[in-house]
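Please have the sequence and the coordinates open before starting.

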Amino acid sequence: MRIAFSGIDGAGKSTQINLVQEEFLRNNEKAIVIWARGGYTPRINWVKKILRKSNASTIPQAGGKSNKRSQAFQKPMVRKVWLTLAIIDLFILYGIQVRWLQIKNYHIIFDRFLEDTLMDFKLNFPQENVKNWWIWKLLGSLVLSPSKHFVLLIPKEESQRRSILKNEPFPDSAEVLDKRIKLYKKLIKDSKKYIHINCMNEIKEVYREIKENLDK
């Protein structure tokens, strides 16, 4: 199976992902979790680190949002280079790594999927219509769709409360959270392939609902 988990920060994605993986492992099945948020995978972080060392004035430094980072991304070339690198990395992830794992009979659990990445691009780089880039369209045509795609949501205020409890280093602002929640709700409304999970329920209850959907 290919199982994707999307949703806002604090909704409990990591907790549910771990529970799903543990269930597979208990049944002696191979299951792997893949962090699939475009632009932030371990591989692309390594590439960005190398580029920063070689050309620090062009590639923004790590560490979340800052004035210096925002100024750097005001340059169209910097935005396009960063976004192109992120998309190329996803070609490797979805086109090679995922297919190889499927051949090796792994269940693949995605922490975020293409929809989350496109949402990040839309919110962080509104100047760039990445959805219409030819390279993004090509990527979309190569990606194997999830067997099940869960969208985990909680209210904005609860997300903020949980981010504080988790000491989240770079939480979304209230404005961005509002926009993100609206985009996720639109996904759910526009297509039945997304399974909405209300994560205001207890962890065990949320997992029971997810497992019921996986067992169908």
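## Exercise 1: the second largest pocket

By class, the residues lining the second largest pocket are 11 nonpolar, three polar and eight charged. The model is a predicted one.

Task. Determine how much space lies in the second largest pocket, which residues are closest to its centre, and which elements give two or more residues to its lining.

Solution. Begin with the volume, which comes to about 630 Å³ for the second largest pocket. Next, take the 22 residues that line this pocket and look for those closest to its centre, which are E115, L118, M119, K131 and L187. Then assign the lining to secondary structure: the elements that give two or more residues are α5, α6 and α8 (174-190). Finally, look for the largest share of the lining, which is the six residues that come from α5.

## Exercise 2: salt bridges within a helix

Task. State how many salt bridges a search of the whole structure finds, and describe the pairs E23 with R26 and R208 with E205.

Solution. The search over the whole structure returns 18 salt bridges.

For the second pair, the side chains of R208 and E205 meet in a salt bridge with an N to O distance of 2.5 Å. Helix α9 (residues 203-215) holds both R208 and E205, again three residues apart, about one turn of the helix. R208 counts as partly exposed at 37% relative accessibility, and E205 is likewise partly exposed, with a relative accessible area of 32%.

## Exercise 3: a salt bridge across the sequence

Task. Locate E128 and K80 in the secondary structure, and decide for each whether it is buried, partly exposed or exposed.

Solution. Start from the contact itself, a salt bridge between E128 and K80 whose closest N and O atoms are 2.9 Å apart. E128 lies in the loop between α5 (114-124) and α6 (134-142), whereas K80 lies in helix α4 (residues 76-103), so the pair ties together parts that are 48 residues apart in sequence. E128, with a relative accessible area of 8%, is buried, while K80, at 34%, is partly exposed.

A further residue of helix α4 is V78, which counts as buried at 4% relative accessibility. The C-alpha atoms of V78 and E128 are separated by 12 Å, and these two residues are 50 residues apart along the chain.

## Exercise 4: a network and a polar contact

Task. Name the residues linked in a network of salt bridges that includes R37, and then say where E158 is found and whether it is buried or exposed.

Solution. The residues linked with R37 in a network of salt bridges are D120, D172 and R180. E158 is found in helix α7 (residues 156-165), and at 13% relative accessibility E158 counts as buried. To complete the step, consider the side chains of E158 and R162, which are joined by a polar contact of 2.8 Å.

Technical notes: Residues are numbered from 1 along each chain as its sequence is written. This is a predicted model: local features need pLDDT of at least 70, side-chain atom pairs count only at pLDDT 80 or more; totals for chains, interfaces and linings use all residues. Side-chain values use heavy atoms; hydrogens and water are left out. A salt bridge is a side-chain nitrogen of Lys or Arg within 4 Å of a carboxyl oxygen of Asp or Glu. Helices (H or I, at least four residues) and strands (E, at least two) are DSSP runs, numbered from the N terminus. Buried means under 20% relative accessible area, exposed over 50%, partly exposed in between (1.4 Å probe, protein chains only). A polar contact is a pair of N or O atoms within 3.5 Å; within protein, one must be able to donate a hydrogen and the other to accept it, and residues adjacent in sequence count only if both atoms are side-chain atoms. On a 1 Å grid over the protein atoms alone, a cavity is a set of points where a 1.4 Å probe fits but cannot get out, and a pocket is an open set with protein on both sides within 12 Å along at least five of seven lines; lining residues have an atom within 4 Å of a point. Grid points are joined across faces, edges and corners, and a volume is the space filled by probe spheres set on the points. Ala, Val, Leu, Ile, Met, Phe, Trp, Tyr, Cys and Pro count as nonpolar, Asp, Glu, Lys and Arg as charged, and the others, Gly among them, as polar.
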